[in-house]
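Me: I am new to this structure and would be grateful for a close look at one part of it. Please begin with a single residue and then relate its surroundings to the rest of the chain.

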Amino acid sequence: MNDTVDKLVIFLAKRDGIDKLVKTFQYVSKLINWHVETTYPDIATRAKQWEVASGLSRKAFRTGRSLTGFNTLRRSPGTSPGFRLLAVLANSGEMVYFFFDHFLWLARIGVINAKYAKRMSFISAFGESVGYVFFVISDFILITRGLKAERRLLIEEKDSKETEGEINKIRMDRIMRLMGVAANIADLIIAIAEIEPNPFCNHTVTLGISGLVSAWAGWYRNWPS
């Protein structure tokens with residue numbers, strides 16, 4: 001059986017694994033910068049540089065990620081017309097997000113004109129928001145179906161390993177989907193801060209906590225069993 005170090009190596013070998021680690025760096029440094037900005041300006045400056053570097057690194061790691069949504073639609077678009085529609089809307093939004101995020105990264109590092117950064121950021125965040133809304137809707141529908149299936153199995157009261165295994169499978173799926181919902185809602189708040197700036201979403205604490213919730217939910221979902 002793999003121990004913790006084995007699991008950590010496997011986790012960090014995944015693109016999503018390293019992304020969640022660097023995302024943790026990004027939002028921890030954002031909160032550090034906010035906390036010491038007036039009292040320790042030198043530390044705040046270093047924390048800001050860490051935050052910016054982490055954000056740019058994550059964008060580089062996501063190169064080609066827009067193909068994931070396309071491949072999902074190509075291989076497993078859904079089991080019913082309703083789910084196919086939700087899958088198209090969710091994955092299309094995600095594809096827009098990752099595709100324009102590439103150009104945002106290039107603008108931020110100076111490969112293309114920096115004047116395009118704001119526009120690319122808005123389009124990317126808008127696509128991201130659309131994707132998250134429909135991913136959350138899909139997850140809630142599947143969670144509801146899982147609860148009904150679990151209730152039906154419990155009512156039947158079949159004391160067998162097969163029934164127990166089915167119930168455990170449903171519960172584990174529910175936990176993973178709830179983690180996905182938490183991450184998507186947290187990332188939606190960050191995207192709204194870009195699309196429609198407001199005092200709540202744009203507050204450093206809101207952004208920092210949202211980023212960490214998303215990162216740590218991703219840790220949980222991607223951690224090897």
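Where is Lys20 found?

Reply: Lys20 is found in helix 2. The model is a predicted one, in which local features need pLDDT of at least 70 and side-chain atom pairs count only at pLDDT 80 or more, while totals for chains, interfaces and linings use all residues. Residues are numbered from 1 along each chain as its sequence is written, and side-chain values use heavy atoms, with hydrogens and water left out. Helices (H or I, at least four residues) and strands (E, at least two) are DSSP runs, numbered from the N terminus.

Lys20 has a relative accessibility of 14% and therefore counts as buried. Buried means under 20% relative accessible area, exposed means over 50%, and partly exposed lies in between, with a 1.4 Å probe and protein chains only. With its neighbours within four places in sequence left aside, Lys20 is in contact with Phe11, Ala215, Gly218 and Trp219; contact means heavy atoms within 4.5 Å.

The axes of helix 1 (residues 4-13) and helix 2 (residues 15-36) come within 4 Å and cross at roughly 95°. Axes are lines fitted to C-alpha atoms, for helices over the stretch in contact, and the angles run from 0 to 180 degrees between N-to-C directions. Helix 1 and helix 2 are therefore roughly perpendicular to each other, a label for angles of 65 to 115 degrees; under 35 counts as roughly parallel, over 145 as roughly antiparallel, and the rest as oblique. Helix 1 contributes Phe11, Leu12 and Ala13 to the contact, and helix 2 contributes Arg15, Gly17, Ile18, Lys20 and Leu21. These residues divide into five nonpolar, one polar and two charged. Here Ala, Val, Leu, Ile, Met, Phe, Trp, Tyr, Cys and Pro count as nonpolar, Asp, Glu, Lys and Arg as charged, and the others, Gly among them, as polar.

The largest nonpolar core comes next. Its six residues are Tyr27, Ile190, Ala193, Cys201, Leu207 and Leu212. Such a core is a set of buried Ala, Val, Leu, Ile, Met, Phe, Trp, Tyr and Cys residues joined through side-chain atoms within 4.5 Å. Helix 7 (161-195) and helix 8 (204-222) are the elements that give two or more residues to the core.

Ile189 lies in helix 7. Apart from neighbours within four places in sequence, Ile189 is in contact with Cys201, Thr206 and Ser210. The C-alpha atoms of Ile189 and Gly211 are 9.2 Å apart, and 22 residues separate the two along the chain. Ile185 is also found in helix 7, and its relative accessible area of 39% makes it partly exposed. Between Ile185 and Val136 there are 7.7 Å in space, C-alpha to C-alpha, and 49 residues in sequence. The unreviewed UniProt entry lists residues 120-143 as "transmembrane region". UniProt positions are given in the numbering used here, feature names are shortened, and annotations may be inferred rather than shown by experiment. Over residues 120-143 the chain is 100% helix and 0% strand, with 34 Å between the end C-alpha atoms.

At the other end of helix 2, Glu37 is in the loop between helix 2 and helix 3 (41-61). Glu37 is partly exposed, at 46% relative accessible area. The C-alpha atoms of Glu37 and Leu73 are separated by 45 Å, with the two residues 36 apart along the chain. Leu73 is also one of the residues in contact with Met95, together with Ser66, Gly69 and Phe70, neighbours within four places in sequence being left aside. Met95 has its place in helix 5 (residues 81-108).

Finally, the chain as a whole has eight helices and zero strands. Its C-alpha trace spans about 65 × 40 × 35 Å along the principal axes. Of its 225 residues, 38% are buried. Among contacts between residues at least 6 apart in sequence, 71% join residues at least 24 apart.
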